Amino acid sequence: MRKETPRTPTRRTLLGAAIAVAGTGTLAACSSSAGSSSGHGGHGGHGSAGSAPGGYVDPAGKEVAAAEKKRGGTGRTRKVRLTAAATRLDLGDRTVTSWSYGGELPGEAARVTAGDTLDLTLANHLPEPTSLHWHGIALRNDMDGVPGLTQKSIAPGADFRYRFTVPHPGTYWFHPHSGTQQDRGLYAPLIVEDPKEPLSYDKEWVVVLDDWVDGVDGSTPDAVLKELRAGMDHGGGHSGHDMSNMSNMSMTSSSREEKSPSRMMMGAKSDLLGGDAGDVKYPYYLVNGRTSQAPSSFDARPGDRIRIRFVNAGGDTAFRVALGGHEMTVTHTDGFPVRHSKTDALLLGMGERYDVLVTAGDGVFPLTALAEGKKASGMAVLRTGTGAPPKPSTRPKELNARLLTADKLKADDSVSLPSRKPDRTIELELTGGMAKYDWAFNKKPYDPDQRYPVRAGERVRLVFTNTTSMWHPVHLHGHTFTLGDGPRKDTAVVLPNTTVTADFDADNPGLWMLHCHNVYHSEAGMMTVLGYRA
């Protein structure tokens, strides 16, 4: 068993931009040509940025093509055209200017059946370069949507054609992958139907959670990042947000842009998150694009069995979620089935997904998403009868009852990884702090040249040791891992001063991002690359 340190290839790749999308889709029974691009937003010669990385698998190389061919598929193709553009968005009790997919928030869900080919063309009508990342999908590497690593950026006015087999059923989503674009309105669900669906239910409710700052009183995610990077030395070193005397308030910073209020969060505490709850004080917390003052509503009948698919699309917020008056049965996390577990509430880190079943009661019920540690919440409404909607400040008792987190789950036998000793161990220390805003792995900020090597066929063990005062939801592209003897996941919450072990099979060649799914932490440098050796 080997312990690895990063190696550097001889040829340099360049870090690029991000994503955006939206629109409508039509199903086409015919197949079309291989994944290519139109306009000037395409691959060029290689998936990375026009040059093959020395000693590593090329994202558009023969190994990637062979892995895609091995996936097989149904022979059906789902064609979609999406447009990313600046737009006005109605949040319910106010309207903001932001960026979105097709003028909707969230963007319209893309739906395919496992084994289908998704053939999606993204038109970039944004003022910045962009791309599209498919969160949780074990897809071909040159379609993963990471500019400067797996593809060229899509320039303003250009488009790009993503085409790949979608192998596994489950709840996924797509979003940007450079800069802070994801913390605008650039996200949408990707629902992959199971052709042999084992669950029985009457209705499905897709619930997307988000924290919102863009376009509010002059704020933008870029301005938030600038303020955070300016830093505030409260003890120095890696002490992070040790500011318990700040009474959960945001402070005025001289580094913030004129006329834009400070968004730096102080004193947000949560025992569930190991102390410090977050960096950013958001003015709104949304459920399906609406504030709790004017919530979205889902209609059903008493007794209906409802499958709820939860997605946390937030930038800096964990959500504790409960449906007032109902017990939830958890069936999946991050797309993969688990042994069914009953709970009253769930805790979702950024990027995580959970599927649950509920049996609807008779009446009007709040689905409350508590912004963990931030003393605020979002809300949607389940309506099966007449009655006034719950008040925005409603806190169902279930929020403080049984709480389920990923470490309490077990993978369903159908998706459990077979027992095997790791062939390679990669140790990653989560480092950095608020004072310098220097988040990183092993104290090394992101550089696309820096890669941790793996080889196809290996069982790889990732050991995450969090030495910071902040929790981090860590996401691996192109794979799922097993948390000890627990569930299959692609995003794992690592609490302060803890170690999390995750095993995966190296069965999808390419160059794959591994990063914190806090938008601001990753942009500050808490990203790295796992690279398959050629």
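View 1. Aspartate 505 makes a salt bridge with arginine 459, with 2.4 Å between the closest N and O atoms. A salt bridge here is a Lys or Arg side-chain nitrogen within 4 Å of an Asp or Glu carboxyl oxygen. Aspartate 505 sits in strand E33 (residues 499-505) and arginine 459 in strand E28 (residues 459-466), so the contact ties together parts 46 residues apart in sequence. Arginine 459 is buried, at 3% relative accessibility. Strands (E, at least two residues) and helices (H or I, at least four) are DSSP runs, numbered from the N terminus.

This is a predicted model: local features need pLDDT of at least 70 and side-chain atom pairs pLDDT 80 or more, while totals for chains, interfaces and linings use all residues. Numbering starts from 1 along each chain as its sequence is written, and side-chain values use heavy atoms, with hydrogens and water left out.

**View 2. Aspartate 116 with arginine 76.** Their side chains meet in a salt bridge, 3.1 Å from N to O. Aspartate 116 comes from the loop between E5 and strand E6 (117-125), and arginine 76 from the loop between helix H1 (62-71) and strand E3 (77-90), so the pair links parts 40 residues apart in sequence. What is the relative accessible area of aspartate 116? It's 3%, which counts as buried, whereas arginine 76 is partly exposed at 36%.

**View 3. Aspartate 485 with lysine 410.** This salt bridge has an N to O distance of 2.9 Å. Aspartate 485 is exposed, at 59% relative accessibility, and lysine 410 is partly exposed, at 31%.

**View 4. An open sheet of four strands, in the order E5-E10-E9-E7.** The pairing is mixed; two strands pair if DSSP finds at least two bridges between them. Strands E5 (110-113) and E7 (133-135) are the edges, each pairing on one side only. E7 runs antiparallel to strand E9 (residues 170-175), over three bridges. Histidine 133 has histidine 175 in E9 as its bridge partner.

**View 5. A salt-bridge network.** Arg111, Glu193, Glu197, Glu204, Arg307, Arg309 and Asp355 are all linked in this one. The structure holds 32 salt bridges.

**View 6. Confidence across the model.** The pLDDT (the predictor's per-residue confidence, from 0 to 100) averages 87, and 85% of residues score at least 70. Over residues 1-52 it's below 50.

Terms used
Contact = heavy atoms within 4.5 Å. Buried < 20%, exposed > 50% of the residue type's maximum accessible area, 1.4 Å probe, protein only.
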